[in-house]
Amino acid sequence: MSMFNAITLSGVFVLDQDEALEFYVGKLGMVVKDDVDLGFMRWLTVQVPGDDDRAILLERPGPPTMDDASAEKVRELVTKGATGLALGLTTSDCRKTYETLKARGVEFSQEPTENSYGIDCGARDPFGNHIRIVQLPTSG
Amino acid sequence: MSRAVEDSNRRLLRARDAMDRAYAQPLDVPALARLAFISEAHFIRMFRATFGETPHRYLQRRRVERAMYLLRESDRSVTDICMETGFASLGTFSRTFKEIVGTSPSEYRANGRTSTRVPNCFAMAWTRPSTNWRPSTFG
């Protein structure tokens, strides 16, 4: 039996939290779950509407969780797309979602492509984070 | 200083993404340089400094990765796959494929592995070997 029940929170490094909100909420259509000033940091999470069990922390690299030099390295890695997959999202219609997001100005690294696991495409957030959008065979 | 690096990285990543999207098209350095707001004279040098390889090499690896996928997952002829992935001739395709993968396209297909339900981006990353690592030595 597993020690854990679920993955409820994962984090993405963003370079600017307001710009992140414009993208994740304004363009991707997510909703804000928490936006709290903790004093030492702004706790900002978003979620897919209706998917209340899982949130994404939009975290700005920097003090107090890391020193300025480390934050600078993180920022450099994010902007060159070297931090790996940030998010995997599912959709019921990959091509339609792609067209909708493209019209909203979302940047893509890959157009919808058929694969053995479904149809997916690759997008970037404004900072360089990689987002996969997948239409699984059962979700079509 | 740092912000300048971040801006440069992001613009170069935008150009690299354009190569990923249109991997079968000929390498168009002037267009990529314009997309990155970098002079054509500096683009290749800056791309290499940022990503560790030239745009030409990146595009070769991207094409070979797609060719590997098609060889594994489809019954299409090697010639078809060569054209589909943007190589100008079968000779260039075979030579580039062997240089990067370590085997010819036909040998690779004959030794093909079963597909996995791994997102395309990871299959791309893992089957796109670096100078020091070949997928044929893995698994």
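Trainee: How many residues does helix H6 of chain B have, and what span does H6(B) reach?

Mentor: Helices here are DSSP runs of H or I with at least four residues, strands are runs of E with at least two, and both are numbered from the N terminus. The expected span of a helix is 1.5 Å times one less than its number of residues. H6(B), residues 90-101, has twelve residues and reaches 16 Å from its first C-alpha to its last, close to the 16 Å expected. This is a predicted model, in which local features need pLDDT of at least 70 and side-chain atom pairs count only at pLDDT 80 or more, while totals for chains, interfaces and linings use all residues. Residues are numbered from 1 along each chain as its sequence is written, and chains are lettered from A and ligands numbered from 1 in the order in which they are written.

Trainee: Which residues of H6(B) are buried, and which are exposed?

Mentor: A residue is buried if 20 or more other C-beta atoms, placed from the backbone, lie within 10 Å of its own, exposed if 12 or fewer, and partly exposed in between. In H6(B), B:Phe93, B:Phe97, B:Ile100 and B:Val101 are buried. They lie on the same side of H6(B) because they cover an arc of only 80° around the axis, the arc being that of the directions from the helix axis to the C-beta atoms. An α-helix has 3.6 residues a turn, so residues three or four places apart point the same way. On the other side of H6(B), B:Gly91, B:Thr92 and B:Glu99 are exposed.

Trainee: What covers the buried residues of H6(B)?

Mentor: Contact is the criterion: two residues are in contact if their C-beta atoms, placed from the backbone, lie within 7 Å. The cover includes helices H4 (55-73), H5 (78-84) and H7 (105-110) of chain B.

Trainee: What follows H6(B)?

Mentor: B:Gly102 does, and its phi is positive, near 100°.

Trainee: Where does A:Gly11 lie, and is A:Gly11 buried or exposed?

Mentor: A:Gly11 lies in strand E1 (residues 9-13) of chain A. A:Gly11 is exposed, with 12 other C-beta atoms within 10 Å.
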